[in-house]
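Work through the exercises below with the sequence and the 3D view open. Try each task before you read its solution.

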Amino acid sequence: MTDTPEDVHHRLWHVLTPGIPREQSQELYRTWAPLYEQDMKTSQYNGPRQVAQTLVTALGNRSDAHILDVAAGTGFVGEELQKLGFSNLDALDASQEMLDIAQTKQVYNNFILDFLGTNRLNIEDDTYDATSCCGAFCEGHVKCDCLEELIRVVKPGGFVCVGIRKFFLETVEEYHKLEPLMADLQHRGLWEPVSRHVTQDYCEGYDGVVFLFKVKG
């Protein structure tokens with residue numbers, strides 16, 4: 001039986017139920033993994049391409065740049081970075097089932113099973129030239145307090161690129177704090193803003209916002 005657009009929409013938004021506990025959202029990803037790729041393509045998920053293009057513009061011709069794709073899922077951002085000539089990529093995600101699919105694509109060199117939060121990832125300081133993070137800032141997913149960990153693992157002069165659906169900044173209570181916290185991290189001298197672009201058709205026809213920051217030493 002062929003899925004209807006309503007079936008796809010239900011799966012996309014079930015994992016984003018307001019107030020959903022993190023453990024429940026991760027269980028949904030475990031069972032959704034086999035259908036995730038097709039569902040996201042059906043939903044016209046352009047966010048990964050927009051994040052990858054923003055990051056590559058910042059990195060220029062440094063095709064050997066070491067990049068950590070955070071909330072990598074099944075590898076959408078990694079695939080876009082590979083198309084643009086970047087291959088020194090690692091993937092981090094909280095779902096083993098999603099990482100298993102990403103591994104079949106031969107896009108990433110290393111796979112890290114962990115959840116981005118205030119916990120210290122098993123990654124040394126200043127390891128990467130850049131981190132990408134697309135699709136993590138959603139209801140029941142990461143919180144704003146994860147930003148310092150994204151910064152910690154990036155070398156001074158490197159970049160952090162974050163993509164989010166624009167209306168989440170307005171409708172998800174946790175993300176009302178996101179841009180004020182970004183500004184606070186700037187005032188503390190941890191990074192400096194490079195760009196904030198509102199993008200069209202980020203996902204399901206909704207606009208997105210793609211943030212780019214440069215890490216300071």
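The accessible surface of the chain comes to about 10200 Å², and 48% of that area belongs to carbon and sulfur atoms. Such areas come from the Shrake-Rupley method with a 1.4 Å probe; for residues, only the protein chains shown count as cover. The model is predicted: local features need pLDDT of at least 70, side-chain atom pairs count only at pLDDT 80 or more, and totals for chains, interfaces and linings use all residues. Residues are numbered from 1 along each chain as its sequence is written, and side-chain values use heavy atoms, with hydrogens and water left out.

**Exercise 1. Classify two aromatic pairs.**

Task: Which kind of pair do Tyr45 and Tyr202 form, and which kind do Trp191 and Phe213 form?

Solution. Step one: know what to look for. A pair of aromatic rings is described by the distance of the centres and the angle of the planes. Rings of Phe, Tyr and Trp (its six-membered ring) pair if their centres lie within 6.5 Å; planes under 30 degrees apart count as stacked, over 60 as edge-to-face and the rest as tilted. A search of the whole structure finds eight such pairs.

Step two: take Tyr45 and Tyr202. Their ring centres are 6.2 Å apart and the planes stand at 75°, so this pair is edge-to-face. Tyr45 lies in the loop between α2 (22-42) and α3 (47-59), Tyr202 in strand β6 (residues 191-203), 157 residues apart. Tyr45 is buried at 16% relative accessible area, and Tyr202 is buried at 2%.

Step three: take Trp191 and Phe213. Their centres are 3.8 Å apart and the planes meet at 10°, so this pair is stacked. It links strand β6 to strand β7 (residues 206-215), across 22 residues. Both Trp191 and Phe213 are buried.

**Exercise 2. Find the buried face of α8.**

Task: Where do the buried residues of α8 fall, seen down its axis?

Solution. Step one: list them. In helix α8 (residues 178-187), Leu178, Met182 and Leu185 are buried. Step two: look down the axis. The buried residues fall within an arc of 60° (the arc of the directions from the helix axis to the C-beta atoms), so they line one face of the helix. Step three: recall the general rule. An α-helix has 3.6 residues a turn, so residues three or four places apart point the same way. The face away from the buried side carries the exposed residues Pro180 and His187. Step five: find the partners. The buried residues of α8 pack against α6 (147-152), β5 (154-165), α7 (166-171), β6 and β7, where contact means heavy atoms within 4.5 Å.

Conventions:
Helix = DSSP H or I, 4+ residues; strand = E, 2+ residues; numbered from the N terminus. Buried < 20%, exposed > 50% of the residue type's maximum accessible area, 1.4 Å probe, protein only.
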